[in-house]
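Welcome to this short briefing. Take a moment to look over the sequence and the model before reading on.

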Amino acid sequence: MNTIYGPGHDRDAVAATLGISWDDARRRVLARIGTYVAQETPSAHQELLDALASVVADDLRAAGATVTSDPAPGLGTNLVAEVPGDVDDRPVLLFGHLDTVHPVGAFGTNELRLEGDRAIGPGVYDMKAGVALLVEALTLLHERGERPRRPVRFLVTCDEEIGSHSSRGIIEDHARQAAAVLVPEPSMPDGGVKTRRKGVATYRIETTGQAAHAGIDPGLGISASQELAHQLVDVFALADHARGTTINVGMMGAGTATNVIPAKAWATIDVRIAEPDEGERIHTALMALQPHDPRAKVQVQRTEHRGPLVRTAGVVALYEHARGIAAQLGHDLGEGGTGGGSDGSLAAAVGADVLDGLGPRGAGAHTLDEHIIVDDLPFRLALLCGLLKTL
Ligand SMILES: [Zn+2]
């Protein structure tokens, strides 16, 4: 057994599962990741997202998939790839997003950079490596003349990092029909899968008052900033840390000049919940906010929401199944939870069993330090192949 970081894996067992050598598996996945990373894809950059979607669609067709493209104007293209299975039963559904949070040129070069055991590049960890792993898994099966056990549907989406507005309907429809949902988003830092995710909802609160000169006519003004300050005290009081409910006000603003009583003020609110009921409690409370000064107005709008991924019995069963496959590959697959949302959360909200965090080990998502651990790739590829062959 070769231990790299934390739990390692058995290279011979990985090679036997894949039908190619460990080195070949590493080289092939790395080359594919390099191709996908070299084409930068910031969210909402339609031209760049269309271009990469077309490359991935060609790769999936070469792997024997039927691919349909669904343009999302202003955002990019969503793809639905289908591969028939050995049994004609409910499909296994997989998600991968092509968009990244990095503006063009953020890394200076978009060539995948190798430093020691790391591969560094925009979106490599979140989640181009995950997309490349799945395309490679389907390619390998196709080359061997094999099929997954169940039919596979792979949704490749373009707007996960900005709320999945164009892909949400497709994700939910397919999730309702799926036997299981697998998400090769980044794994836990120790390589474990994600069996819990917090739900996320974002809101914008706006207060409206009356502008007036702060020195000459203070009595004529109704301060929108003062009203907002009162409202935010009430908003923060909705948090319940014991139940995993946290609230952040990340951005705020008001007015036009220091010596003017502001007519408008605003703030953005980020709510994270661990329990589905909490989402409803917070939403109802935010929608019912009333002005402290009856002459002022308060408006609240929900801008994004994803429910929590709850560790249900179905999720645990999927995890135990994956853990069994990993054990045969000489790897002790852990599990964990995160405060971040993903499209796995959308699938969980419509009742699907979801195993998230199947992508490679790495760190630095959404930062310029974003990287994956290269020697983890062959194991991840074998784990995905094993899941597709047995679920
Ligand atoms: Zn992601």
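Helices here are DSSP runs of at least four residues, numbered from the N terminus. With that in mind, α1 is followed by G19, whose phi is positive, near 75°. Please remember throughout that this is a predicted model.

**Helix α1 and its surroundings**

- Helix α1 covers residues 11–18, and its buried residues are A13, V14, A15 and L18.
- What do the buried residues of α1 pack against? Their partners are α2 (22–38), α4 (124–143), α8 (313–328) and α10 (377–390).
- Where α1 starts, D10 places a side-chain oxygen within 3.0 Å of the backbone nitrogen of D12.
- R11 has its charged end over the ring of W22, 3.6 Å from the centre of that ring.
- Aromatic pairs are another thing to look for, but a search of the whole structure finds zero of them.

**The sheet with β13**

- Strands of a sheet pair through backbone hydrogen bonds, and the pairing can be parallel or antiparallel.
- An open sheet is built from four strands in the order β11-β13-β9-β14, with antiparallel pairing.
- Strand β9 (residues 199–208) is joined to strand β13 (residues 264–273) by 10 bridges, and the two run antiparallel.
- Across that pairing, Y203 stands opposite I269 of β13, while T202 has D270 as its bridge partner.
- β11 also runs antiparallel to β13, and eight bridges join them; here I247 faces V271 of β13.
- β13 is largely enclosed by the rest of the structure, because seven of its 10 residues are buried.

- Another open sheet has the order β4-β5-β18-β17, and its four strands pair in the antiparallel sense.
- Which strands stand at the edges of this sheet, pairing on one side only? They are β4 (113–115) and β17 (362–363).
- Two bridges link β17 with strand β18 (residues 371–373) in an antiparallel pairing, and G362 is found opposite I372 of β18.
- Helix α4 lies across β5 (118–120), β17 and β18, and its direction makes an angle of about 50° with β18.

- How many of the six residues of β6 are buried? Six are, and the strand is mostly covered.
- In a regular strand, side chains alternate between the two faces of the sheet.
- In β6, V152, F154 and V156 are buried on one side, and R153, L155 and T157 are buried on the other, which leaves both faces covered.
- Strand β2 (residues 76–83) runs antiparallel to β6 and is joined to it by five bridges; E82 stands opposite R153 in this pairing.
- Strand β3 (residues 92–97), by contrast, runs parallel to β6, with six bridges between them. H97 has T157 of β6 as its bridge partner.

**Two residues in the loop between α4 and β6**

- R150 is found in the loop between α4 and β6 (152–157). Is R150 buried or exposed? Its relative accessibility is 15%, so R150 counts as buried, the cut-off being under 20%.
- A polar atom in the side chain of R150 lies 2.8 Å from the backbone oxygen of R90.
- Not counting residues up to four places away in sequence, R150 touches G85, V87, D89, R90, V92, A179, L388 and L391.
- E146 is in the loop between α4 and β6 as well, and with a relative accessible area of 28% it is partly exposed.
- The side chains of E146 and R144 are joined by a polar contact of 3.0 Å.
- If neighbours within four places in sequence are left aside, E146 is in contact with L141 and K389.
- E146 and V83 are 63 residues apart along the chain, and their C-alpha atoms are separated by 11 Å.

Terms used. Residues are numbered from 1 along each chain as its sequence is written. This is a predicted model: local features need pLDDT of at least 70, side-chain atom pairs count only at pLDDT 80 or more; totals for chains, interfaces and linings use all residues. Side-chain values use heavy atoms; hydrogens and water are left out. Buried means under 20% relative accessible area, exposed over 50%, partly exposed in between (1.4 Å probe, protein chains only). Contact means heavy atoms within 4.5 Å. A polar contact is a pair of N or O atoms within 3.5 Å; within protein, one must be able to donate a hydrogen and the other to accept it, and residues adjacent in sequence count only if both atoms are side-chain atoms. Two strands pair if DSSP finds at least two bridges between them. Rings of Phe, Tyr and Trp (its six-membered ring) pair if their centres lie within 6.5 Å; planes under 30 degrees apart count as stacked, over 60 as edge-to-face and the rest as tilted. A charge sits over a ring if NZ of Lys or CZ of Arg is within 6 Å of the ring centre and within 35 degrees of the ring normal. Axes are lines fitted to C-alpha atoms, for helices over the stretch in contact, and angles run from 0 to 180 degrees between N-to-C directions.
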